[in-house]
Amino acid sequence: MKIAPSLLASDFSKLASELKDIEQGGADYIHLDVMDGHFVPNLSFGVPVISSLRKCTSLPFDVHLMTYHPEAYLDGLEACHTHMVSFHVEAVPHVDRMIHNIQDRGMKAGIALNPGTSLSTIEEILPIIDFVLIMSVNPGFGGQKFIPYSLDKIARLSASIRKLGKDIPIEVDGGVNKDNAPLLKKAGASILVAGSSVFGKEDRAAAIKALRV
Ligand code: DX5
Ligand code: ZN
């Protein structure tokens with residue numbers, strides 16, 4: 001199981017030391033939540049901040065675009081050596097084009113689904129994407145409660161991926177904690193995003209370890 005702490009829950013007045021702390025604590029990626037105040041009712045940070053963070057860590061960047069027009073961010077994300085980029089299927093009319101736009105820049109392309117969005121929206125595209133991000137809260141804010149029906153959705157997605165005979169990681173984001181981590185693993189998740197359950201704890205290494213089921 002890979003762990004991607006979400007920087008959204010960190011102390012923004014000391015981003016560099018927060019990053020160091022989770023890097024030393026054994027994080028596999030750093031999850032970076034970009035919000036535009038339109039697709040989701042909140043604003044966070046954008047490419048200028050992410051670009052500055054590149055100087056503070058060698059952790060791979062996992063950027064989650066909760067925005068309309070996610071294509072506008074791709075040149076900037078490529079320039080700061082982003083490893084994975086996910087965008088929301090609900091925000092983009094030309095999903096196939098967007099996936100190629102990401103992959104042609106040498107980044108892994110993922111599609112994010114809101115809790116209420118059906119898996120059928122990615123059925124055609126599944127064979128060509130690099131990962132899927134299942135939202136287990138309504139996106140926009142950290143610290144929300146895990147939505148239980150996400151577990152069944154992850155299990156069904158996992159079965160479809162197996163049927164395809166492909167290895168497409170399932171990333172889960174929202175309300176992840178040490179109690180639901182074993183259930184998420186059993187359902188087929190392989191990357192857990194965790195904001196409050198890592199940055200909300202004093203000992204980040206122990207918090208990451210507790211999630212790595
Ligand atoms: C929510 C973001 C998440 C958020 C998760 O819209 O996409 O990545 O930071 O935070 P927790 O783990 O606190 O639910
Ligand atoms: Zn996220």
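How many helices and strands are there in the protein? I looked this up and found eight helices and eight strands, with helices (H or I, at least four residues) and strands (E, at least two) taken as DSSP runs numbered from the N terminus. The radius of gyration is 16 Å, close to the 17 Å from the globule rule for 213 residues, so the protein is as compact as a globular protein of that length. That radius is over C-alpha atoms, and the rule is 2.2 Å times the number of residues to the power 0.38.

A note to myself on ground rules: this is a predicted model, where local features need pLDDT of at least 70, side-chain atom pairs count only at pLDDT 80 or more, and totals for chains, interfaces and linings use all residues. Residues are numbered from 1 along each chain as its sequence is written, chains are lettered from A and ligands numbered from 1 in the order written, and side-chain values use heavy atoms, without hydrogens and water.

Next I checked burial: 52% of the 213 residues are buried (under 20% relative accessible area, 1.4 Å probe, protein chains only).

Then I turned to His31, which sits in strand β2 (residues 30-35). His31 is buried, at a relative accessible area of 0%. Beyond four places in sequence, I found it in contact with residues including Asp62, His64, Glu171 and Asp173 (heavy atoms within 4.5 Å). Glu171 is 140 residues from His31 along the chain, yet their C-alpha atoms are separated by 11 Å.

I also found a polar contact at 2.8 Å between the side chains of His31 and Asp62 (N or O atoms within 3.5 Å, one able to donate a hydrogen and the other to accept it; residues adjacent in sequence count only if both atoms are side-chain atoms).

Note on methods. Buried means under 20% relative accessible area, exposed over 50%, partly exposed in between (1.4 Å probe, protein chains only).
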